[in-house]
Amino acid sequence: MITVDVQHCSRSILLSVSGELDGAADETLRQALDGVTACERDILVDLHGVAVMDSHGLLHLLDLHRRAKCLGLGLRVLVTG
């Protein structure tokens, strides 16, 4: 199970992801971009709460990067721990 907390910070969106980033995470990550407006410039993805990520999770991050680029947004992924 995955959870994504979405925060709008000035001209950036912070996605704090926790749980398992796997094949089942697709819809949750798609919904996280539903609130994106023309005012945002960047998406910051914080993965420090992710306990498990498989190859499907990596593909979801690549898809998120592609969708952000189509919206004219930059994407940064933060990984700690």
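1. Ser10, at 74% relative accessibility, counts as exposed (buried means under 20% relative accessible area, exposed over 50% and partly exposed in between, with a 1.4 Å probe and protein chains only). Ser10 sits in the loop between β1 (2–9) and β2 (12–21), where helices (H or I, at least four residues) and strands (E, at least two) are DSSP runs numbered from the N terminus. The phi of Ser10 is near 55°, a positive value in a residue other than glycine; most residues other than glycine have a negative phi.

2. On the basis of these remarks: this is a predicted model, in which local features need pLDDT of at least 70 and side-chain atom pairs count only at pLDDT 80 or more, while totals for chains, interfaces and linings use all residues. Residues are numbered from 1 along each chain as its sequence is written, and side-chain values use heavy atoms, with hydrogens and water left out.

3. Four strands form an open sheet of mixed pairing in the order β1-β2-β3-β4, two strands being paired if DSSP finds at least two bridges between them. The edge strands are β1 and β4, each of which pairs on one side only. Antiparallel pairing joins β1 and β2 over eight bridges, with Ile2 standing opposite Gly19 in β2.

4. Parallel pairing joins β3 (42–53) to β4 (residues 74–78) over five bridges, and within it Asp46 has Leu78 in β4 as its bridge partner.

5. The largest nonpolar core has 18 residues, of which Leu15, Val17, Leu21, Ile43, Val45 and Leu47 touch the most other members; such a core is a set of buried Ala, Val, Leu, Ile, Met, Phe, Trp, Tyr and Cys residues joined through side-chain atoms within 4.5 Å. At least two residues of this core come from each of β2, α1 (26–32), β3 and α2 (55–70).

6. Asp63 is buried, with a relative accessible area of 16%, and forms a salt bridge with Arg30, the closest N and O atoms being 3.8 Å apart (a salt bridge is a side-chain nitrogen of Lys or Arg within 4 Å of a carboxyl oxygen of Asp or Glu). Because Asp63 lies in helix α2 and Arg30 in helix α1, the pair ties together parts that are 33 residues apart in sequence.

7. Asp63 also meets Arg66 in a salt bridge (2.7 Å, N to O) and Arg67 in another (3.0 Å, N to O). Salt bridges that share partners join Asp26, Arg30, Asp63, Arg66 and Arg67 into one network.
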